[in-house]
Amino acid sequence: MAKNALKRIPILTLLIFVVLAVSSEATKYQSQNLKETNIVFYMHDLASGLNGHTTQMVGGIPHKRWSVLAFGTVFAIDDKLTETKDWNSTQVGRARGIYVNSALDGSDLHFLMSLVFTNKDFNGSTLEIQGSDRFYQKYRDVSVVSGTGIFRLARGFATLETVFLDIPNSNAIIRWNVTVLHY
């Protein structure tokens, strides 16, 4: 029995060393000063209209009506992000990804998208968004789960507010107020 205990000591020592090394690496990042960035912009989610299409229904439940209010309807998006709610205001990026109506009663969209910035301050950087958009609520939050470029390892949230909604034509303008911590 003592012989087996001696054989285990080097393995235990190695495990302790690995745990300390990983803990040290995590502490290194935690000790760095995180920056907080707040950005406000408008997302133009348009399925019809003079300004073209930035969203498209791509799937849904077979033999059921597809719409933004129908459970299971999937949309692909390449939405314009602007400084103001006016379509012609300065573009700051694009929202690219998908959302799906994920509530049986049709009241909730689930977002999976990348905010791809093209303005001079954040050009080439992205924020990765995931979360539940309960679009009937005046204000709702979605998660910022990661980022790239200036926003590397970002985490935070975005508060959404609908400033224009045309459900029959599936058009909306959403105000985003994003707060992220990043390195």
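Predicted model: local features only at pLDDT ≥ 70, side-chain atom pairs only at ≥ 80, totals over all residues.

Student: How are the rings of phenylalanine 111 and tryptophan 176 arranged: stacked, edge-to-face or tilted?

Tutor: The count of aromatic pairs comes to nine. For phenylalanine 111 and tryptophan 176, the ring centres are 6.3 Å apart and the planes meet at 15°. Planes under 30 degrees apart count as stacked, so with its angle of 15° this pair is stacked.

Student: Which residues touch the most other members of the largest nonpolar core?

Tutor: This core holds 30 residues, and the elements that give two or more residues to it are β1 (35–46), β3 (74–82), β4 (91–101), β5, β6 (126–133), β7 (139–148), β8 (155–166) and β9. In soluble globular proteins, nonpolar side chains tend to be buried together. The members that touch the most others are Phe41, Phe111, Met113, Leu115, Leu127 and Trp176.

Student: Where does lysine 80 lie relative to tryptophan 87, and at what distance from the ring centre?

Tutor: A charge sits over a ring if, among other conditions, NZ of Lys is within 6 Å of the ring centre. Lysine 80 lies over the face of tryptophan 87, and its distance from the ring centre is 4.2 Å.

Student: In which sense do β6 and β7 pair, and which residue in β7 is the bridge partner of threonine 126?

Tutor: A hairpin with five residues joins β6 to β7, and these strands pair over five bridges in the antiparallel sense. In β7, the bridge partner of threonine 126 is threonine 148.

Student: Which residue takes a positive phi in the hairpin of β7 and β8?

Tutor: Strands β7 and β8 run antiparallel and are joined by six bridges, with arginine 140 bridging to leucine 160 in β8. Six residues lie between the strands in this hairpin, and the residue with a positive phi, near 65°, is glycine 149.

Student: Is isoleucine 77 buried or exposed?

Tutor: Isoleucine 77 lies in strand β3, and its C-alpha atom is 5.8 Å from that of isoleucine 98, 21 residues apart along the chain. Beyond its neighbours within four places in sequence, isoleucine 77 has contacts that include Asp45, Ala95, Tyr99 and Met113. Buried means under 20% relative accessible area, so isoleucine 77, with 7%, is buried.

Student: What is the relative accessible area of leucine 153?

Tutor: Leucine 153 is found in the loop between β7 and β8, where it touches Gly147, Leu181 and Tyr183, not counting residues up to four places away in sequence. Leucine 153 is classed as partly exposed, with a relative accessible area of 46%.

Student: Which side chain makes a polar contact with that of serine 67?

Tutor: Serine 67 has its place in the loop between β2 (55–59) and β3, and its 10% relative accessibility makes it count as buried. Not counting residues up to four places away in sequence, serine 67 touches Met57, Thr73 and Phe75. Its side chain has a polar contact of 3.1 Å with the side chain of arginine 65.

Terms used
Residues numbered from 1 in each chain as written. Heavy atoms only, no water. Phe/Tyr/Trp six-rings, centres within 6.5 Å; stacked < 30°, edge-to-face > 60°. Lys NZ or Arg CZ within 6 Å of the ring centre and 35° of its normal. Core = buried A, V, L, I, M, F, W, Y, C linked by side-chain atoms within 4.5 Å. Buried < 20%, exposed > 50% of the residue type's maximum accessible area, 1.4 Å probe, protein only. Helix = DSSP H or I, 4+ residues; strand = E, 2+ residues; numbered from the N terminus. Polar contact = N/O pair within 3.5 Å; in protein donor to acceptor, adjacent residues only side chain to side chain. Contact = heavy atoms within 4.5 Å. Pairing = 2+ DSSP bridges.
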